[in-house]
Amino acid sequence: MTFWSILRQRCWGLVLVVAGVCVITFIISHLIPGDPARLLAGDRASDAIVDNIRQQLGLDQPLYVQFYRYVSDLFQGDLGTSIRTGRPVLEELRIFFPATLELAFCALLLALLVGIPLGILSAVWRNRWLDPPTHVTGFYLLDALLEGNGEVFFNALQHLILPALTLAFVHLGIVARQIRSAMLEQLSEDYIRTARASGLPGWYIVLCYALPNALIPSITVLGLALGDLLYGAVLTETVFAWPGMGAWVVTSIQALDFPAVMGFAVVVSFAYVLVNLVVDLLYLWIDPRIGRGGDE
C-alpha cells in the first residue's frame, strides 16, 4: 500500500472509530443509575431546583436530542461543558492530557530500556537462565526544566517513578518477547553468518546488523503499547494520585459528568488511531518494500 492509500484508509478509520466511541460511550454513560442534576444540587435541594438544573444542562430532553446536540457540537470542535466544574471539557483535557502522555511515554521508555536488552540477551543466549518463559506545556518534568527549577523537577520525577514503573511492567514482557522473536529470526539469516565469517565482533553484529532489522516488525507492537498505556493510565493515576487525565475522568465518572467522560473517550480514541497511523507510515518509510508489495 502506498503512503496516500494508507493515509486515506486511516482517516476513514479515524472517523468511524470516533463515531463508534461517541455512540457507545453516550449510551453507556446514560445507562449509569443516578441523576447528575441531583448530585450537583445536593441532597437537600428541592425538586424545583433539581428540575431547573436539569433543564439548564439539557438533561430534560430526549436522549436522541441530547445525542444530536452533542454530535453537532463535536463537529465544531466543542466537547461540551463539564457538569461538575462548569468549564469546557476541551479546556480541562488540555490541562490534564499532557501529564497522562508524560506518564505513558515514561512507562514506554522504561519498558524499552529493559525490554529491548532483555529480548536481545534472551535471543543471543537462548535456552539459558536469562531466556524468559513462553502548564507551560503540561508536562511536569519539561516545565520544571524550562523554569530551571531543579527541586520541582526531582519532586515530579519522584512522584512519576512508581506509576511509570507500574505501567511499564505491563508491556515489558511483550516488548522483550517481540524483540527476542525478531532477533532469533535475524540471527539465523545468511547475512549474519556472512558477517561472522568476516570476523566481525559478535556484539557489533548483534547491535549493528541484527537489532536494526529486528526493530522493524516491533514498531507496530510499540505503537499499540503506547495507545494501551493511555487507557491503562486511568487506574494507575488514580492509585498513585498522579494529576493526569485518568484521575480526572474517574472523578468525572463518580459525579456522572457525561460530557467529561465522553470527551475523554473521544480524545483517547482519537490519539489511539493517530498513533496507529503514524506507526503505519513509519513502517512504510523504514521498509518501502511493503508499499511496493501491496501495489503488485
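Start with the second largest pocket: select Leu57, Arg69, Gly80, Thr81 and Pro259, which lie nearest its centre among the 17 residues of its lining. A pocket here is an open set of points on a 1 Å grid over the protein atoms alone, where a 1.4 Å probe fits, with protein on both sides within 12 Å along at least five of seven lines; lining residues have an atom within 4 Å of a point. The volume of this second largest pocket is about 390 Å³. A volume is the space filled by probe spheres set on the points, and grid points are joined across faces, edges and corners.

The model is predicted, so local features need pLDDT of at least 70 and side-chain atom pairs count only at pLDDT 80 or more, while totals for chains, interfaces and linings use all residues. Residues are numbered from 1 along each chain as its sequence is written, and side-chain values use heavy atoms, with hydrogens and water left out.

Stay with the second largest pocket and colour by element. H1, helix H3 (47-57), H4 and H12 each give two or more residues to its lining. H4 gives the most, with four residues. Helices are DSSP runs (H or I, at least four residues), numbered from the N terminus. By class, the lining holds eight nonpolar, six polar and three charged residues. Ala, Val, Leu, Ile, Met, Phe, Trp, Tyr, Cys and Pro count as nonpolar, Asp, Glu, Lys and Arg as charged, and the others, Gly among them, as polar.

Next, go to the largest pocket, with about 450 Å³ of space. Select Val18, Leu74, Leu79, Val266 and Phe270, the closest to its centre of the 19 lining residues. Show helix H1 (3-31), helix H4 (63-75), helix H5 (89-124) and helix H12 (258-286); each supplies at least two residues of this lining. Which helix gives the most to the lining of the largest pocket? H1 does, with five residues. The lining of the largest pocket has 17 nonpolar residues, one polar and one charged.

Now look for charged pairs. Side chains of opposite charge can pair when their charged atoms come close. A salt bridge is a side-chain nitrogen of Lys or Arg within 4 Å of a carboxyl oxygen of Asp or Glu. The count comes to three salt bridges.

- Select Asp51 and Arg54. Their closest N and O atoms are 2.7 Å apart. The two are three residues apart in helix H3, so about one helical turn separates them. Asp51 is partly exposed, at 42% relative accessible area. (Buried means under 20%, exposed over 50%, partly exposed in between, with a 1.4 Å probe and protein chains only.)
- Select Arg87 and Glu92. Their side chains meet in a salt bridge at 3.2 Å, N to O. Arg87 is partly exposed at 34%, whereas Glu92 is buried at 1%.
- Select Arg193 and Asp190. The closest N and O atoms of this salt bridge are 2.2 Å apart. Both sit in helix H8 (residues 190-197), three residues apart, so about one helical turn lies between them. Arg193 is partly exposed at 45%; Asp190 counts as exposed at 52%.

Last stop: the surface. Select Ile161, Leu162, Leu165, Phe169, Leu235, Val239 and Phe240. Together they make a nonpolar surface patch of about 680 Å². Patches are made of residues with over 30% relative accessible area and no salt bridge: like charges are joined within 9 Å, nonpolar side chains (Val, Leu, Ile, Met, Phe, Trp, Tyr) within 5 Å. Accessible areas come from the Shrake-Rupley method with a 1.4 Å probe; for residues, only the protein chains shown count as cover. Helix H7 (150-187) and helix H10 (219-240) each supply at least two residues of the patch. H7 gives the most, with four. Finish on Val239 in helix H10, which is exposed at 59%.
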